[in-house]
Amino acid sequence: MSHDVPSELRLHLADADATDALGAALAAARANLPANAPALHVHLHGDLGAGKSTLARALLRALGVRGAIRSPTYTLVERYGLNDGGEAWHLDLYRIGDAGELEFLGLDGGEASLWLIEWPERGRGWLPPADLRIDLAVDGAGRSALLQAVSPGARAWLEGVAAMGATAAFTGTA
């Protein structure tokens with residue numbers, strides 16, 4: 001891997017279309033990872049309204065999920081089949097009072113090739129560690145996004161995003 005590929009990307013998402021474009025860029029870069037790559041765990045951080053669910057939906061849609069993409073706020077986890085035959089798990093842990101509650105969700109992870117976890121700090125100790133950490137924040141009329149690769153798999157993922165030139169669509173790229 002090239003040493004000039006960042007282990008993080010800082011982006012400005014001007015509107016919902018830019019958030020959708022980021023989801024599409026992540027999906028396209030994921031498609032170029034090796035088929036036998038281990039499951040990737042994406043931890044989505046940010047206040048209420050920062051765009052975590054919007055980005056998760058955009059990524060899932062770009063990965064081929066058809067039909068309704070429900071927020072897992074009340075169900076805690078939603079599972080989706082992907083075009084590549086894998087399965088994505090979208091978790092929203094906002095309503096979790098204690099991380100031990102996750103024991104009853106059956107999150108063994110054997111089927112999941114992608115985890116999208118909102119409010120992961122509420123599941124500390126019970127969740128797999130992040131491969132890719134995404135921090136979202138309201139930034140004027142848009143959002144700021146900081147994507148940090150924590151594992152080699154996520155670094156390859158971000159390398160794919162950078163190689164596609166996808167970040168040129170956003171302002172404030174790192």
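**First stop: helix 1 against helix 2**

Select helix 1 and helix 2: their axes come within 8 Å and cross at roughly 45°. Helix 1 is therefore oblique to helix 2, given that angles under 35 degrees count as roughly parallel, over 145 as roughly antiparallel, 65 to 115 as roughly perpendicular and the rest as oblique. Axes here are lines fitted to C-alpha atoms, for helices over the stretch in contact, and angles run from 0 to 180 degrees between N-to-C directions. Helices (H or I, at least four residues) and strands (E, at least two) are DSSP runs, numbered from the N terminus.

This is a predicted model, in which local features need pLDDT of at least 70 and side-chain atom pairs count only at pLDDT 80 or more, while totals for chains, interfaces and linings use all residues. Residues are numbered from 1 along each chain as its sequence is written, and side-chain values use heavy atoms, with hydrogens and water left out.

The crossing of helix 1 with helix 2 is right-handed; a crossing is left-handed if the near helix is turned anticlockwise from the far one by less than a right angle, and right-handed if clockwise. Display the side chains that meet here: Thr19, Asp20, Leu22, Gly23, Ala24, Leu26 and Ala27 from helix 1, with Thr54, Leu55, Ala58, Leu59 and Ala62 from helix 2. Contact means heavy atoms within 4.5 Å. Coloured by class, this contact of helix 1 with helix 2 shows eight nonpolar, three polar and one charged residues. In this scheme Ala, Val, Leu, Ile, Met, Phe, Trp, Tyr, Cys and Pro count as nonpolar, Asp, Glu, Lys and Arg as charged, and the others, Gly among them, as polar.

**Second stop: helix 2 and its cover**

Next, select residues 52–62, which form helix 2. Its buried residues (under 20% relative accessible area; exposed is over 50%, partly exposed in between, with a 1.4 Å probe and protein chains only) are Lys52, Ser53, Leu55, Ala56, Ala58, Leu59 and Leu60. Among the elements that cover them are helix 1, strand 2 (40–45), strand 3 (77–81), strand 4 (87–92), strand 5 (112–118) and strand 6 (132–139). Just after helix 2, centre the view on glycine 64, which takes a positive phi of about 105°.

Now select residues 16–31 (helix 1) and 152–163 (helix 3), which pack at an angle of about 115° with their axes 8 Å apart. The two helices are therefore roughly perpendicular to each other. The contact is formed by Ala25, Leu26, Ala29 and Arg30 of helix 1 and by Trp157, Gly160 and Val161 of helix 3. By class, the contact of helix 1 with helix 3 has five nonpolar, one polar and one charged residues.

In what order do the strands of the open sheet lie? The seven strands follow the order 1-7-6-2-5-4-3, with mixed pairing. Strand 1 (8–13) and strand 3 stand at the edges with a single partner strand each, so one side of each is left without a neighbour in the sheet. From one strand to the next, the twist averages 15°. Two strands pair if DSSP finds at least two bridges between them.

Select these pairs in turn:

- Strand 2 and strand 6 are parallel over four bridges; histidine 45 has aspartate 135 of strand 6 as its bridge partner.
- Strand 2 and strand 5 are parallel over five bridges; histidine 43 stands opposite isoleucine 117 in strand 5.
- Strand 4 and strand 5 are parallel over six bridges; alanine 88 has leucine 114 of strand 5 as its bridge partner.
- Strand 3 and strand 4 are antiparallel over five bridges; glutamate 78 has histidine 90 of strand 4 as its bridge partner.

Strand 3 and strand 4 form a hairpin with five residues between them, and glycine 85 in the turn has a positive phi of about 90°. Strand 5 is mostly covered, with six of its seven residues buried.

**Last stop: the whole chain**

From the N terminus on, they run β-α-β-α-β-β-β-β-β-α. Buried residues make up 47% of the 174 residues in the chain. Of the contacts between residues at least 6 apart in sequence, 67% join residues at least 24 apart.
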